[in-house]
Amino acid sequence: VLARDTWLADDGIMWPSTAQLFLAPVTAPHEHDTKIGCWKNLYGLDMSRVLPTAKSMFLARPKYDYDLPAKDVLSDAPAVIANLDMHRVTVRDLEVISSTFTFHITKDGVIHGFGSWFDVSFTGIEGVDDVCLHTGPEHAQTHWKQDLLMLDDPLPCAVGDALEGSIVLRRNPVFRRHLRIHLQFSHTRASDGTAVAVEKTFPLWR
């Protein structure tokens, strides 16, 4: 953005031209079992006493470079939590990005957390088709793969359940490439209408 404001001509082309950030509830049983579930029976030993420490070590930060299978997405569609026009977005716009979301669960299973990924488009050349780089799980895998934000406690879910909440991404004022992600939502069960509130903050990295 600073380079654009400094050097891009008035009729210049900005690449990427747009950027979108997505979020969706996902199941990640293998990731959970290898990091957390294993402590309940580790070679026949009950090591449950270390679970709080294990959660703080393995679940506190988003897991990047995660290969998310499309079948592990539990909702009807991902939510767009950021939609940026790279010709017009400012540094100030990027200090805090916030969005609300609503998900309708389409598969019985367990919500272990949320998956996140991005799309960027390259446009602006007359006579040349626009190009979009997709990094979502339903597309061919890229160098970036996906990110995984794991909940401390998995949530069993069923078809018809709903998640409704908000997410806030806040830049670190000193370490400018670092973010703090705050996620809060309610999980309403279709079977009886009861709701559970969940809230978690992920430092990335400070």
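## Close-up views of a predicted model

**View A. The lining of the largest pocket.** Strand 1, strand 2, strand 3, strand 5, strand 7, strand 8 and strand 9 each contribute at least two residues to the lining of the largest pocket; strands (E, at least two residues) and helices (H or I, at least four) are DSSP runs numbered from the N terminus. The model is predicted, so that local features need pLDDT of at least 70 and side-chain atom pairs count only at pLDDT 80 or more, whereas totals for chains, interfaces and linings use all residues. Residues are numbered from 1 along each chain as its sequence is written, and side-chain values use heavy atoms, with hydrogens and water left out. Strand 5 gives the most to this lining, with five residues. Of the 38 lining residues, Leu21, Phe118, Asp147, Leu179 and Leu204 lie nearest the centre of the largest pocket. A pocket is an open set of points on a 1 Å grid over the protein atoms alone, where a 1.4 Å probe fits and protein lies on both sides within 12 Å along at least five of seven lines, and lining residues have an atom within 4 Å of a point. The volume of the largest pocket is about 1400 Å³, a volume being the space filled by probe spheres set on points that are joined across faces, edges and corners. By class, its lining holds 27 nonpolar, four polar and seven charged residues (Ala, Val, Leu, Ile, Met, Phe, Trp, Tyr, Cys and Pro count as nonpolar, Asp, Glu, Lys and Arg as charged, and the others, Gly among them, as polar).

**View B. The second largest pocket, with a volume of about 160 Å³.** Helix 2 (29-35), helix 3 (51-58) and strand 7 each supply at least two residues of its lining, which includes Glu31, Lys35, Met57, Arg61 and Met150. The lining of the second largest pocket divides into seven nonpolar, no polar and four charged residues.

**View C. The largest nonpolar core, with 24 residues.** Those with the most contacts inside this core are Phe101, Ile111, Phe114, Ile167, Leu183 and Phe185. Among the strands that each supply at least two of its residues are strand 3 (79-85), strand 4 (96-104) and strand 10 (195-204), and strand 7 gives the most, with four. A nonpolar core is a set of buried Ala, Val, Leu, Ile, Met, Phe, Trp, Tyr and Cys residues joined through side-chain atoms within 4.5 Å, where buried means under 20% relative accessible area, exposed over 50% and partly exposed in between (1.4 Å probe, protein chains only). Neighbours within four places in sequence aside, the contacts of Ile111 (heavy atoms within 4.5 Å) include Pro25, Leu74, Leu151 and Leu163. A second, separate core of 14 residues includes Ala24, Ala54, Leu68 and Leu148.

**View D. The partners of strand 7.** Strand 5 and strand 7 pair in the antiparallel sense over seven bridges, pairing being assigned where DSSP finds at least two bridges between two strands; here Gly109 stands opposite Cys157. Strand 2 (residues 63-66) also runs antiparallel to strand 7, to which two bridges join it, and Lys63 stands opposite Leu148.

**View E. Backbone details.** Most residues other than glycine have a negative phi, and most peptide bonds are trans. Asp65, although not a glycine, has a positive phi of about 60°, is found in strand 2 and is partly exposed, with a relative accessible area of 39%. Trp15 and Pro16 are joined by a cis peptide bond with omega about -10°, and Pro16 is in the loop between helix 1 (2-7) and strand 1 (18-26).
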